[in-house]
Amino acid sequence: MAQAPTNFHEVQSPEHFQSLLSEDLNRVSLINFWAPWAEPCKQMNEVVLELAKKYPQVLVLQVEAETQSDISESFEVEAVPTFVILRGHTLLGRISGADAPALTEAIATHVRGPSAISPQSHTDRTPAAPTTQQESPEELNQRLHKLMTQDKVVLFMKGSPEQPRCGFSRRIVDLLRTQGVEFSSFDILSDESVRQGLKVLNNWPTFPQLIINGEFVGGLDVVKEMADNGELKEMLAA
């Protein structure tokens, strides 16, 4: 990486993070939550570095999401890349995913000064496709069962097997591929109804979730244990 500007910092600890953020509570800060294994983060890290050079008045903080898990959890970061824009401790904006135009536009908007912006708490996550009418609980459950039975093995994950967006999703994809398991996948970040519905239906609050023969099996730890003791192969052979 080229010489980083003085407003660009790799965060080493929660204490380091807080001290940098507290130096000037009127300053706009851009926090980049990233992971070294996520391909989209590599491209966006370059975008962030260019923004740091273009806007020296902005404090730019690079946070490796899994290494600095306390910081990630405090901002409820569930996938990478995620970008949080603050003025002091006030949330100005949040962008999920490798959306360089949206990030560039957001920074340009917020550096114009306090008079040009109105602080808000929101997520600029791409919404699910609009539907003509609200889906009833029965219709949602029918859709969930259809998704869960679309193949013998279905993985509900964050991102895709080619571009996972959280470490747990990446590890379960690697595990399934190592075991030679053929599977289809569904990106729960693309559909909030599916995401929340599966938590209730399967009584499991986190992702990834592995489904075999239409039945919920478990998350990463459960699947890893089953792979280690041979139960996974037995279930797939059934």
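**α6 and α8**

I looked up how helix α6 (residues 167-178) packs against helix α8 (residues 220-229), and found an angle of about 20° with the axes 10 Å apart. The angle puts α6 roughly parallel to α8, a term for angles under 35 degrees, while over 145 is roughly antiparallel, 65 to 115 roughly perpendicular and the rest oblique. I noted that axes are lines fitted to C-alpha atoms, for helices over the stretch in contact, and that angles run from 0 to 180 degrees between N-to-C directions. Helices here are DSSP runs (H or I, at least four residues), as are strands (E, at least two), numbered from the N terminus.

The model is predicted, so local features need pLDDT of at least 70 and side-chain atom pairs count only at pLDDT 80 or more, though totals for chains, interfaces and linings use all residues. Residues are numbered from 1 along each chain as its sequence is written, and side-chain values use heavy atoms, with hydrogens and water left out.

The crossing of α6 past α8 is left-handed, meaning that the near helix is turned anticlockwise from the far one by less than a right angle; clockwise would be right-handed. I then listed the contact (heavy atoms within 4.5 Å). From α6 come Phe168, Arg171, Ile172 and Leu175, and from α8 come Leu220, Val223, Lys224 and Ala227. I sorted these residues into six nonpolar, no polar and two charged. Ala, Val, Leu, Ile, Met, Phe, Trp, Tyr, Cys and Pro count as nonpolar, Asp, Glu, Lys and Arg as charged, and the others, Gly among them, as polar.

**α2 and α4**

Next I took α2 and helix α4 (residues 100-110), whose axes come within 11 Å and cross at roughly 20°. That angle makes α2 roughly parallel to α4. Which way does α2 pass α4? I found a right-handed crossing. The contact joins Met44, Val47, Val48 and Leu51 of α2 to Ala100, Leu103, Thr104 and Ile107 of α4.

**Salt bridges**

How many salt bridges does a search of the whole structure find? I have nine, each a side-chain nitrogen of Lys or Arg within 4 Å of a carboxyl oxygen of Asp or Glu.

I checked Lys53 and Glu50, which form a salt bridge with the closest N and O atoms 3.5 Å apart. They are three residues apart in helix α2 (residues 39-54), so about one helical turn separates them. Lys53 has a relative accessible area of 38% and is partly exposed. For this term, buried means under 20% relative accessible area, exposed over 50%, and partly exposed in between (1.4 Å probe, protein chains only).

Arg195 bridges to Glu78, with the closest N and O atoms 1.7 Å apart. This pair links distant parts of the chain, 117 residues apart: Arg195 is in helix α7 (residues 192-201), and Glu78 is in the loop between α3 (69-74) and β4 (82-87). Is Arg195 buried or exposed? I have it as buried, at 5% relative accessibility, whereas Glu78 is partly exposed, at 35%. I also noted that Glu78, Lys158, Glu192 and Arg195 are linked in a network of salt bridges.

The salt bridge of Arg143 with Asp191 has its closest N and O atoms 3.0 Å apart. Arg143 is in helix α5 (residues 137-148) and Asp191 in the loop between β7 (184-187) and α7, 48 residues apart.
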